Amino acid sequence: MKYLKFLLVGIFFGIILVKSEAVSWYRIYEMFRFQSFHMYGIIGTAIATGVLFLQISKKGYIKSIKGADIFVPKKDRGLIRYIVGGIIFGCGWALIGACPGPMYILLGTGVLSMLIVIAAALLGTFIYGVLKDKLPH
């Protein structure tokens with residue numbers, strides 16, 4: 001029962017993304033062709049909200065589910081890996097028409113072909129986990 005609030009927030013978030021057309025393939029297509037500001041506005045709002053909540057959590061006003069302070073570890077510097085990872089992520093997003101979160105939302109709205117996409121994403125994550133120690137980081 002203690003996880004029910006997270007399920008409800010997730011459902012609410014999914015409804016917001018569907019109603020704002022953030023999971024619409026057409027809107028994503030427009031974004032990648034630089035034809036509309038719609039998705040950039042949504043992404044910019046998400047970044048601003050994330051920065052705000054990160055700063056609030058650093059002050060100690062937001063705690064984890066277990067009541068502990070939220071700690072975000074520093075990431076290693078490295079421009080190339082972020083560029084390569086961003087290109088891979090962007091290509092997948094452009095080809096599929098959805099990033100990881102909306103894949104599940106689209107499945108929930110009845111787009112059953114997302115089962116193939118989710119299975120491929122899970123397989124890719126598993127393969128990365130197996131090969132992680134052998135890859136340059």
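**A look at the pockets**

Modeller: Happy to! The largest pocket has a lining of 23 residues, and those nearest its centre are Val84, Gly85, Gly86, Ile88 and Phe89. Helix 4 contributes the most, eleven residues. (Helices are DSSP runs of H or I with at least four residues, numbered from the N terminus.) A pocket here is an open set of points on a 1 Å grid over the protein atoms alone, where a 1.4 Å probe fits, with protein on both sides within 12 Å along at least five of seven lines; lining residues have an atom within 4 Å of a point.

This is a predicted model, with local features needing pLDDT of at least 70 and side-chain atom pairs pLDDT 80 or more, while totals for linings use all residues. Residues are numbered from 1 along each chain, and side-chain values use heavy atoms, without hydrogens and water.

The space in the largest pocket is about 710 Å³, counted as what probe spheres set on the points fill. Its lining has 17 nonpolar residues, five polar and one charged. (Asp, Glu, Lys and Arg are charged; Ala, Val, Leu, Ile, Met, Phe, Trp, Tyr, Cys and Pro are nonpolar; the others, including Gly, are polar.)

The second largest pocket holds about 460 Å³. Of its 17 lining residues, Phe13, Leu17, Ile42, Ile43 and Ala46 lie nearest the centre. Helix 1 (4-19) and helix 3 (38-58) each give two or more residues to that lining, and helix 3 has the largest share, seven. There, 14 lining residues are nonpolar, three are polar and none is charged.
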